[in-house]
Number of protein chains: 2
Amino acid sequence: MTEIAPDARRNDLLAALPEDVWLRWQGLLERTEMDLGRVMYEPGVTLSHVYFPTTAIVSLLYVMENGAPGEIAVVGNEGIVGVSIFMGGESTPSRAVVQSAGYGYRMKSQALKDEFATSVAVLRVLLRYTQALITQMSQTAVCNRHHSLDQQLCRWLLLSLDRLEGDELVMTQELIANMLGVRREGVTEGATNLQEAGLIRYTRGRITVLDRAGLERRSCECYAVVKKEYDRLLPSSQRAA
Amino acid sequence: MTEIAPDARRNDLLAALPEDVWLRWQGLLERTEMDLGRVMYEPGVTLSHVYFPTTAIVSLLYVMENGAPGEIAVVGNEGIVGVSIFMGGESTPSRAVVQSAGYGYRMKSQALKDEFATSVAVLRVLLRYTQALITQMSQTAVCNRHHSLDQQLCRWLLLSLDRLEGDELVMTQELIANMLGVRREGVTEGATNLQEAGLIRYTRGRITVLDRAGLERRSCECYAVVKKEYDRLLPSSQRAA
DNA sequence: GCAAAAACGTACGTTACCGAACAGACCCTC
DNA sequence: GAGGGTCTGTTCGGTAACGTACGTTTTTGC
């Protein structure tokens with residue numbers, strides 16, 4: 001019918017919808033490009049659309065008074081940008097920025113609210129996703145306090161890797177440093193360590209993961225906790241083929 | 001009719017319910033004592049009840065593999081312990097522990113799920129609360145990374161103070177240290193600083209806040225951000241008289 | 001009333017990360 | 001193919017918080 005269908009369902013939430021809902025949604029979704037650095041929403045501003053990334057990755061971050069950003073969570077093809085729409089607050093104190101360029105589908109906020117209010121299946125999948133997102137945020141809080149930069153770097157690379165295809169991340173150390181809330185030099189050190197350990201290879205804004213299992217071993221437990229919770233709440237049996 | 005009514009509505013969520021719902025809920029709620037240190041739920045375990053604290057404060061925390069705890073958020077008379085029930089996950093990887101003894105009301109998880117599914121008013125208030133909780137978690141993550149122990153201590157004292165009556169907190173420095181994920185000695189130092197600045201007075205497990213405004217000035221912005229978001233999402237006009 | 005436990009105080013070496021400054025390497029453009 | 005911007009590497013002093021150890025004071029319990 002429409003050609004967007006197969007592509008859009010690379011987003012896990014869209015893929016988890018029952019067929020009747022999905023058919024209806026095809027008229028509501030619109031493919032959009034998501035360029036690196038694009039701001040999807042600003043603190044306190046009501047969103048006009050929500051976004052279902054397919055290949056892009058979006059960072060939710062809080063920008064402090066002194067201008068320093070701190071990442072709260074990351075959203076990719078497993079989720080939706082704009083949970084505050086159906087949670088009822090319309091906006092949040094945080095900001096959403098595209099961290100890895102790609103594509104996604106957007107839907108008018110009002111349309112999503114209507115769907116949320118009328119379809120139990122929609123409500124169910126969105127709320128379960130939100131709970132998984134809560135776990136990610138919680139674990140970020142714990143990780144920020146307790147784990148070393150090296151461990152956090154591994155966690156972050158893995159979270160990004162899970163939301164991309166292939167084994168290559170296109171992002172500078174500067175960007176990673178901003179997300180983790182550390183100095184760029186710290187990331188250089190950490191990345192050097194990982195490269196020397198043979199886990200990654202990198203050059204100017206490109207990181208290739210050579211040994212994923214090694215990264216997982218070197219990461220703190222936070223990554224596994226979050227991953228497990230996503231899998232539990234949004235089992236892959238619900239997801240795209 | 002029942003005597004529990006006025007007391008229970010010291011919980012903001014219960015106070016925000018429309019009258020018809022509230023009448024129905026009186027048969028579903030049960031007053032319970034919440035002793036210091038009591039575990040309200042454990043990671044991965046399905047909750048049999050949800051809890052609406054009235055005078056108690058509960059910490060949500062994640063216990064790391066090495067046994068060290070890290071606080072994720074705090075819940076008092078403004079909220080509910082057990083959001084995973086209506087979010088659909090039934091459990092979480094975190095643990096909930098009573099941090100300040102008091103009372104609350106509990107309700108069977110199934111009853112809450114039924115109410116959530118049938119009453120839009122219930123759904124609305126619970127989801128808005130959950131969004132506020134998300135903000136608290138987010139800000140905890142940011143704060144853990146960027147702010148000094150002193151600032152975090154102020155934030156934490158204020159968050160606790162808001163959930164209590166009076167100006168006295170009954171809690172040891174050891175407990176606070178566990179919540180903040182820092183050393184007990186660090187809290188001693190911070191508390192000494194605050195006492196010397198004339199903001200608090202304390203003796204063995206009792207902290208009296210002398211200058212609330214001073215604490216707010218000394219705190220990082222995180223406290224204000226969270227407070228503002230709670231006020232926005234659950235305006236006091238909805239709350240108890 | 002005395003021992004034991006609980007809570008708080010202090011001190012010292014260690015460490016991870018910061019801030020700042022600068023140097024080299026790569027890349028694009030003109 | 002020169003030059004300017006971007007990205008990464010390295011260094012060095014500074015510092016906040018850590019781990020550990022041990023004291024002191026207050027409370028509790030027999």
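**Helix packing and two-fold arrangement in the predicted model**

In chain B, helices α8 (residues 173-180) and α9 (residues 184-196) pack with their axes 8 Å apart and at an angle of about 110 degrees. Axes are lines fitted to C-alpha atoms, for helices over the stretch in contact, with angles from 0 to 180 degrees between N-to-C directions; helices are DSSP runs (H or I, at least four residues), as are strands (E, at least two), numbered from the N terminus. α8(B) and α9(B) are therefore roughly perpendicular (65 to 115 degrees). The contact involves Gln173(B), Glu174(B), Ile176(B) and Ala177(B) of α8(B), and Arg184(B), Gly186(B), Val187(B), Thr188(B) and Ala191(B) of α9(B) (C-beta atoms, placed from the backbone, within 7 Å).

The model is predicted; local features need pLDDT of at least 70, side-chain atom pairs count only at pLDDT 80 or more, and totals for chains, interfaces and linings use all residues. Residues are numbered from 1 along each chain as its sequence is written, and chains are lettered from A and ligands numbered from 1 in the order in which they are written.

Chain A is superposed on chain B by a rotation of 180 degrees with 0.0 Å of shift along the axis (RMSD 0.0 Å), using least squares on C-alpha atoms of residues with pLDDT of at least 70 in both copies. The two copies are thus related as by a two-fold rotation axis. Of the residues of chain A, Ala141(A) comes closest to this axis, at 1.8 Å (C-alpha).

Glu90(A), in the loop between α4 (83-87) and β6 (95-100) of chain A, has a positive phi near 70 degrees.

Methods:
Parallel < 35°, antiparallel > 145°, perpendicular 65-115°, else oblique. Contact = placed C-beta atoms within 7 Å.
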